[in-house]
Amino acid sequence: MQSFAPYTVSKHAIKAFADTLKIELAETGVKTVTIEPYFYQTNINNKEKLCKSFEETWQASTPEVKSIYTETFKNKLIEGNLKFHDYYRKEVYDVPLAIEEAVTVINPLTVYSCAGFFDKIALWLAYMLPSDMDILFMRNAVNLLFAWRK
């Protein structure tokens with residue numbers, strides 16, 4: 001998996017924003033909820049759109065950026081993302097169910113993690129590992145841990 005940095009940064013920024021709001025609004029009785037969906041196959045991220053987006057971004061890049069990252073990096077990035085795409089969840093029902101619960105119950109959870117059982121184990125394991133180990137895990141073990149879906 002390559003170039004998940006922007007995606008990961010945006011996820012952490014949203015979580016930090018929600019955590020900060022939770023603290024700042026605690027005395028008002030307003031509760032914050034974070035819905036954290038895993039990867040899902042949707043029209044937003046279908047393979048054709050992903051390939052087109054990568055290609056458009058590459059074409060819009062400056063010659064300097066292209067010389068730094070090279071065509072090989074671009075191709076590995078596309079290949080890695082498309083390979084990972086096969087593991088996206090097809091069942092999106094748990095996301096609207098989490099949203100429904102979050103807005104209808106009196107005491108909602110602070111965080112709703114929308115992922116399958118094995119996905120949650122893999123994510124927890126990656127989170128708990130030391131940084132060098134989780135890099136190794138994310139690069140090499142994703143196929144083994146998610147092969148049960150095939």
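A contact means heavy atoms within 4.5 Å.

**Figure 1. Overall fold of the protein chain in a predicted model.** Residues 24 or more positions apart account for 73% of the contacts in the protein chain with a separation of 6 or more. The chain has 6 helices and 2 strands, in the order α-β-α-α-α-β-α-α from the N terminus. Helices (H or I, at least four residues) and strands (E, at least two) are DSSP runs, numbered from the N terminus. Residues are numbered from 1 along each chain as its sequence is written. In this predicted model, local features need pLDDT of at least 70, side-chain atom pairs count only at pLDDT 80 or more, totals for chains, interfaces and linings use all residues, and side-chain values use heavy atoms, without hydrogens and water.

**Figure 2. Confidence along the protein chain.** The pLDDT (the predictor's confidence in each residue, from 0 to 100) averages 80, and 83% of the residues score at least 70.

**Figure 3. Helices α2 and α3 in contact.** The axes (lines fitted to C-alpha atoms, for helices over the stretch in contact, with angles from 0 to 180 degrees between N-to-C directions) of α2 (residues 47-60) and α3 (residues 63-85) come within 11 Å and cross at roughly 170°. The two helices are therefore roughly antiparallel to each other, a term for angles over 145 degrees. In α2, the residues involved include Phe54 and Trp58, while those in α3 include Tyr69 and Leu77.

Notes: Angles under 35 degrees count as roughly parallel, over 145 as roughly antiparallel, 65 to 115 as roughly perpendicular and the rest as oblique.
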